[in-house]
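Good morning, and thank you for coming. Please look at the sequence and the structure on the screen, and I shall then take you through them.

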Amino acid sequence: MTPLPFSNPAATSVDAFRLIRPVVVALGIWALFAGGVVRASTAARPNVLFIAVDDLNDWVGCLGGHAQTRTPNIDRLAKSGVLFTNAHCSAPSCNPSRTAVFSGVPPWRSGLYNNGQKLRDVLPQAELLPRHFSNNGYWSAGSGKLLHYIIDPKSWDEYFPEKAKDNPFPRTFDPPKRPISLPVGGPWQYVETDWGELDISDQEFGGDHLVAKWIGEQLARTHEKPFFLGCGIYKPHEPWFLPKAYFEPFPLESIQPGPGWKEDDLDDVPPAGQQLARNRYFPHIQKEGQWKKGIQAYLAAIHYSDAMVGRVLDALEKSPARDNTIVVLWSDHGWHLGEKEHWQKYTGWRLCTRVPLIIRVPKGAPGLPGGTSRGSVCDRAVSLTDLFPTLTNLCGLPASRNEGGSERSLVPLLRDPDATWPHAAVTQMQSPGAYSVSRDHWRYIHYANGEEELYDIAADPHEWTNLLHGEATPEHRSRAAELRALAPAHPAPVPEVPLASMTSLTWHPASEGPTPPSKPDGNPFDVTFINADEQNVELFWMSPEGESRSYGQIEPTKTRRQQTRPGAVWEIRSAVGMRLGHFVIGDRAAKAVIPKGEAARVRNVRR
């Protein structure tokens with residue numbers, strides 16, 4: 001090779017580099033934009049550990065909800081991040097609350113108001129939180145109950161149990177003989193409302209133990225991409241069957257009601273609120289002498305869920321992702337254990353709408369470079385619906401494109417928990433006109449019939465005094481009007497549930513024996529009867545005395561929508577009066593399918 005014509009050999013390499021430096025720089029820039037920038041940006045983005053705890057009210061140590069509760073792990077998480085003491089769910093039941101969290105769309109915009117609806121019937125095209133992260137360079141995985149009894153496979157890259165089965169629950173021990181403690185009071189009673197100690201280990205129990213174990217294994221791995229990891233802890237959701245070790249810190253003789261319980265607390269509540277509160281559970285539990293045992297079991301279930309949270313946090317502390325992971329812990333709604341004479345959820349009172357919410361952000365997050373300050377407390381009223389925009393903001397991702405999604409980020413409060421916050425948190429109940437509004441220390445409840453309640457939480461944290469009862473002061477009426485104005489102006493209607501999505505009632509053929517009488521007990525709802533047979537059938541309601549009353553014929557392939565009640569029995573006969581079988585109505589809207597060929601089968605049997 002002919003040497004370059006440089007007079008100074010020592011300078012040859014330097015001068016040569018000067019000649020080719022523009023080319024090197026250009027190639028470097030090309031490489032950066034060709035792929036390096038994606039890897040660099042995703043590597044800089046924080047991971048997300050998203051922990052949902054089912055049916056957990058404010059009976060958490062850091063929230064002071066019950067003096068006997070034991071939640072050391074949730075409390076230590078609160079000390080390491082920001083604790084929101086005035087956080088509220090967007091709906092006081094699992095399905096609408098979780099759908100709002102994962103879509104960012106509140107119930108009054110989506111139309112998903114209750115547990116009987118299905119997410120993909122109402123929001124068929126919505127991009128849920130994990131898929132949004134996956135579409136922006138993350139690996140999204142989850143385990144346990146995060147959505148309402150489904151996984152929604154297309155939203156996740158990986159899931160435990162296997163996502164193709166669309167069942168979020170791993171193996172869980174179920175007592176062979178039930179009920180254990182609470183006898184069934186009637187068809188209105190939820191089958192899982194029961195509790196009891198189990199003489200088994202965590203490993204034998206399975207359930208959340210297996211969820212925490214799988215999540216811990218994912219945290220221990222080194223990931224090529226930043227991750228969004230959803231951890232769904234099912235307890236303290238019913239049933240409260242648990243290894244007996246979790247009952248031991250709560251001797252039955254020591255159990256006290258929650259501090260919010262007060263006798264005659266419904267005296268100043270309007271009729272709509274009283275009807276909602278008195279759902280039969282609490283009187284039944286008291287009658288069976290199970291109130292203290294129920295509180296004990298709920299405390300034990302909280303203690304168990306806290307232990308599972310602790311295992312996940314311990315795994316994170318030992319993992320490669322320790323210093324670059326946002327941690328969010330939340331519950332979908334609260335729970336009553338006798339307060340307001342109510343047991344369960346579904347109400348607009350604070351014990352049901354207020355939820356634990358803790359967010360910890362490491363330094364270096366794109367949306368909050370300084371991270372969160374340890375042990376911060378924020379008492380502003382915030383909504384779980386705002387978690388979607390909060391996380392995209394923190395991680396530097398594009399905003400959600402879901403129509404009607406929240407655009408309000410909690411990052412200003414994570415930066416400064418005392419920052420001005422002019423917003424309110426709205427909690428939507430089961431129908432468009434029923435809701436509660438939380439703002440600062442005020443809470444307003446509005447029922448579908450227009451009845452109202454107002455509470456000053458600063459003076460009355462347990463909502464014992466309805467300030468709109470009787471002759472309300474002008475100040476309180478003005479405050480109620482101010483909060484009422486913050487409610488959704490044009491809430492979405494409740495869409496019809498497609499027949500394909502309805503629960504199917506069990507068909508009891510005539511060969512099983514006589515048709516039993518009805519035992520109606522509960523509020524009315526509609527059941528859709530579907531005649532899949534090739535012949536006309538006739539629909540009969542059975543009275544409590546065993547007498548039958550015809551409700552007319554249903555032609556082949558036709559349907560009949562019929563109002564009924566839990567415990568009602570509907571007999572089906574052929575057009576010529578042959579008894580074909582019957583349905584027993586459960587505790588919610590459903591479909592009742594008369595099997596194809598049933599009339600012909602019964603005729604053949606009679607021959």
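Let me begin with a question: does Asp 152 count as buried or exposed? With a relative accessibility of 6%, Asp 152 counts as buried, because buried means under 20% relative accessible area. Please bear in mind throughout that this is a predicted model. Asp 152 sits in the loop between E4 and E5. Its phi is positive, about 60°, although Asp 152 is not a glycine.

The loop between strand E4, residues 139-144, and E5 also contains Tyr 149. Tyr 149 is not a glycine either, and it has a positive phi of about 65°. In contrast to the buried Asp 152, Tyr 149 is partly exposed, its relative accessible area being 31%.

Let us now step back to the whole chain. The protein chain has 607 residues, of which 56% count as buried. Its secondary structure comes to 16 helices and 26 strands. Along the principal axes, the C-alpha trace spans about 115 × 65 × 50 Å. If we take the contacts between residues at least 6 apart in sequence, 72% of them join residues at least 24 apart.

I turn next to the helices. In general, two packed helices are described by the angle between their axes and the distance between the axes. Helix H11, residues 291-317, takes part in both of the pairs that I shall describe.

On the H2 side, the residues in contact are Pro 72, Asn 73, Ile 74, Arg 76 and Leu 77. They meet Asp 306, Ala 307, Val 309, Gly 310, Leu 313 and Asp 314 in H11. By type, the residues of this contact comprise 6 nonpolar, 2 polar and 3 charged.

The second pair is H11 with helix H8, residues 208-220. How do H8 and H11 lie relative to each other, parallel or antiparallel? Their axes cross at roughly 10° and come within 8 Å. H8 and H11 are therefore roughly parallel to each other, because angles under 35 degrees count as roughly parallel. From H8, the contact involves Asp 208, His 209, Ala 212, Ile 215, Gly 216 and Leu 219. Their partners in H11 are Tyr 304, Met 308, Arg 311, Val 312, Ala 315 and Leu 316. Here the residues divide into 8 nonpolar, 2 polar and 2 charged.

This brings us to the interior. In soluble globular proteins, nonpolar side chains tend to be buried together. In this model, the largest nonpolar core has 63 residues. Which of its residues touch the most other members? They are Ile 51, Ile 215, Trp 240 and Trp 343. H11 gives the most to this core, with 16 residues. Apart from it lies another core, of 48 residues, including Ile 151, Phe 228, Leu 357 and Cys 395.

Cys 395 leads us to helix H13, residues 387-395. Of the 9 residues of H13, 8 are buried, so the helix is largely enclosed by the rest of the structure. The buried residues are Leu 387, Phe 388, Pro 389, Thr 390, Leu 391, Thr 392, Leu 394 and Cys 395. Just after H13 comes Gly 396, with a positive phi of about 70°.

Two peptide bonds also deserve a mention. Arg 178 and Pro 179 are joined by a cis peptide bond, with omega about 0°. Pro 179 is in the loop between strand E5, residues 158-160, and strand E6, residues 195-198. Another cis peptide bond joins Lys 235 and Pro 236, and there omega is about 10°. Pro 236 belongs to the loop between strand E7, residues 227-233, and strand E8, residues 240-243.

I shall finish with Asn 135, in the loop between helix H6, residues 129-134, and E4. Asn 135 counts as partly exposed, at 47% relative accessibility. Its side chain makes a polar contact of 2.7 Å with the side chain of Glu 127. Finally, Asn 135 and Leu 337 are 202 residues apart along the chain, and their C-alpha atoms are separated by 42 Å.

Thank you for your attention.

Technical notes
Residues numbered from 1 in each chain as written. Predicted model: local features only at pLDDT ≥ 70, side-chain atom pairs only at ≥ 80, totals over all residues. Heavy atoms only, no water. Helix = DSSP H or I, 4+ residues; strand = E, 2+ residues; numbered from the N terminus. Buried < 20%, exposed > 50% of the residue type's maximum accessible area, 1.4 Å probe, protein only. Axes fitted to C-alpha atoms, helices over the stretch in contact; angles between N-to-C directions. Contact = heavy atoms within 4.5 Å. Nonpolar A, V, L, I, M, F, W, Y, C, P; charged D, E, K, R; others polar. Core = buried A, V, L, I, M, F, W, Y, C linked by side-chain atoms within 4.5 Å. Polar contact = N/O pair within 3.5 Å; in protein donor to acceptor, adjacent residues only side chain to side chain. Parallel < 35°, antiparallel > 145°, perpendicular 65-115°, else oblique.
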